[in-house]
Amino acid sequence: MATAAAQRTARTEADGAPDTADTAAFQHAFDAAVAADERIEPRDWMPDAYRATLVRQIAQHAHSEIIGMQPEANWITRAPSLRRKAILTAKVQDEAGHGLYLYSAAETLGTSRDELLDKLHSGRQKYSSIFNYPTLTWADVGAIGWLVDGAAITNQVPLCRCSYGPYARAMVRICKEESFHQRQGYELLLALSKGTPEQHAMAQDAVDRWWWPSLMMFGPPDDESQHSAQSMEWKIKRHSNDELRQRFVDICVPQAESLGLTLPDADLRWNEERGHYDFGPIDWTEFWEVLKGNGPCNEQRITQRRRAHDEGAWVREAAAAYAAKHTRGTGGTTGPGETAHETGHETEAERA
Amino acid sequence: MTAALALGDDALVLSHRLGEWAGHAPVLEEEVALANIALDLLGQARVLLSMAGDEDELAYLREERSFRNLQLVEQPNGDFAHTIARQLYFSTYQHLLYGELAAGDSPFAPLAAKAVKEVAYHRDHAEQWTLRLGDGTQTSHQRMRRACDALWRYTGELFQPVEGLDADWPGLETRWLESIQDILGRATLPLPEGPRTGAWSAGAGRQGLHTEPFGRMLAEMQHLHRSHPGATW
């Protein structure tokens, strides 16, 4: 391990463009580091394709946090009790914070938040297709917490061991808060399920609408997943889409039972031989349609994001102009918002 | 308890307005900051309303004419400058008032002692943005000036004595004016001219007389809760 690390840091001493022999040596050191489960750090040499894959994945993850604020923020002003309103506000705040960590992680790979946001706004980078579904009732807030955050956690916990250091460290922090959100979502649904008949029906209806889209969050089946094999080789990804999806189903079935709610799948049953639940076929046509932009809220989500950005341009320009006038030397655009974030209070998930 | 309702309603209503920003802020850091302030205020509201009764009953089942909040806090968000001007006027007031309550021995002292720390942060946030917008670009200067002017007429009500709150109201008003004048001056903005109350609005919010947008805000806030009488959430 020490050898691999020493070889990798040799890169910082090499001046100019490496020749072919150097590249081969760097590649060798990189492969050895990945094989030894060492973390790749921003100043280490890495294959261009590894860098590009990570930028794409981390950016998409960051965008998902930001777009994912919308379906839940849709209910902040209508939350039915002050306690629930506080929990939901804290959650949406956490999501903005997760977006910030993730954009920072992406920036260590040589891109910038502005560039990534521009790609999001112009449709060149994607976000999780789940956020193209509408939140039609209060129970949807609970279903998102339980199922969508649950699926996200199943996907993301293995990323805490991802080969790229800054991403892995961001995920450790994010997963802690996500587990909190998931429990809160579960508890929200439980309150509805045990409440009045109308509340119970509201909870069941939400679970019926969010179950299949949540299963789609794990991505296409293994034999149709383009990047999976390479990502697993690089230890960006640790498990296949279908493996994680199965794990999620196995976790959810008993949880649904204790919630007193059913899952909308007639084929769902325990398979003694496999030691797993069998489940029905996923509607991949719907998945690809939503991915292509034809889901129920694709247009609405990106329009709101663009509008917030465009309407905020004068504010960002003001902060930059003020900074240029009032700071010497580095004319950074540090706005008060950043101070607020950095000196902010304890994690909102912990406080809620 | 009139005073608990007055202070609780201020915090509840302003928190709700700030919650409307979620997903719409000009920069991600402000998504975090505005939600953070909304949460602090909501926390204060819950303590204060609980002093007066059941927090959810009071928040969700009263009608417009029974709310005791200042007209300032119910004003729509407008652009970012309007939101910041509203924050500046209110958080400066709240900071001074809670500072005084924290030092006293009223039932509000424990809450005020905790809240004054949060409010100091809110005030700082509003001040920093007032400086940036006022002394930023020509556009931001104009917008900030317009916002400060537009909300000026609601600031007189802040210093109408509240029954059951032992505070030096004229003293608070003097210190508030000094503070606002200082910040606006540093932001290269003039102190707004014109009356600080409308012809009939001094103390109006405290008496349950509100502005038109407030009813719609309550309709949205209360709709779900009212649709399921007696349900728990």
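Entry 1: I started with B:Asp10, which is buried, its relative accessible area being 2%. I kept in mind that I am reading a predicted model. Which partner does B:Asp10 have in a salt bridge? I found B:Arg206, with the closest N and O atoms 2.9 Å apart. This pair links distant parts of the chain, 196 residues apart. B:Asp10 lies in helix α1 (residues 2-19) of chain B, while B:Arg206 is in the loop between α8 (169-186) and α9 (212-227) of that chain.

**Entry 2: other salt bridges.** I looked up the total over all chains and got 27 salt bridges. One that I followed up joins the side chains of A:Arg238 and A:Asp37, at 3.4 Å from N to O. These two are also in distant parts of their chain, 201 residues apart. A:Arg238 sits in the loop between α10 (228-233) and α11 (241-259) of chain A, and A:Asp37 in the loop between α2 (20-35) and α3 of chain A. A:Asp37 is partly exposed, with a relative accessible area of 48%.

I also jotted down A:Asp118 with A:Arg124, whose side chains meet at 3.1 Å, N to O. Here A:Asp118 is partly exposed at 43% relative accessibility, and A:Arg124 is exposed at 53%.

**Entry 3: one helix of chain A.** For context, I noted that chain A has 16 helices and two strands, and that 54% of its 352 residues count as buried. I picked helix α6 (residues 113-121) of chain A, where the buried residues are A:Arg113, A:Leu116, A:Leu117, A:Leu120 and A:His121. Looking down the axis of α6(A), I saw these residues fall within an arc of 140 degrees, so they line one face of the helix. What covers them? The cover includes α3 (48-67), α5 and α13 of chain A, together with α2 (28-52) of chain B. Just after α6(A), A:Gly123 takes a positive phi of about 80 degrees.

**Entry 4: where the chains meet.** A:Arg113 turned up again here, in a salt bridge with B:Glu29 whose closest N and O atoms are 2.5 Å apart. How many salt bridges cross the interface of chain A and chain B? I counted two, along with 16 residue pairs in polar contact. On the side of chain A that touches chain B, α5(A) gives the most, with 13 residues. That side divides into 27 nonpolar, 16 polar and twelve charged residues.

In contact terms, 55 residues of chain A meet 53 residues of chain B. The area buried between them is about 4700 Å², and carbon and sulfur atoms give 66% of that. In chain A, the residues that lose the most area to chain B are A:Leu82, A:Trp314 and A:Tyr322, together 17% of what that side buries.

Entry 5: I ended on B:Gln87, in helix α5 (residues 80-103) of chain B. At 2% relative accessibility, B:Gln87 is buried. Leaving out residues up to four places away in sequence, B:Gln87 touches B:Leu14, B:Leu18, B:Ile37, B:Thr92 and B:Ala126.

Conventions
Residues are numbered from 1 along each chain as its sequence is written. Chains are lettered from A and ligands numbered from 1 in the order in which they are written. This is a predicted model: local features need pLDDT of at least 70, side-chain atom pairs count only at pLDDT 80 or more; totals for chains, interfaces and linings use all residues. Side-chain values use heavy atoms; hydrogens and water are left out. Helices (H or I, at least four residues) and strands (E, at least two) are DSSP runs, numbered from the N terminus. Buried means under 20% relative accessible area, exposed over 50%, partly exposed in between (1.4 Å probe, protein chains only). Contact means heavy atoms within 4.5 Å. Buried area is the accessible area (1.4 Å probe) that two parts lose on being put together, summed over both. A salt bridge is a side-chain nitrogen of Lys or Arg within 4 Å of a carboxyl oxygen of Asp or Glu. A polar contact is a pair of N or O atoms within 3.5 Å; within protein, one must be able to donate a hydrogen and the other to accept it, and residues adjacent in sequence count only if both atoms are side-chain atoms. Ala, Val, Leu, Ile, Met, Phe, Trp, Tyr, Cys and Pro count as nonpolar, Asp, Glu, Lys and Arg as charged, and the others, Gly among them, as polar. The arc is that of the directions from the helix axis to the C-beta atoms.
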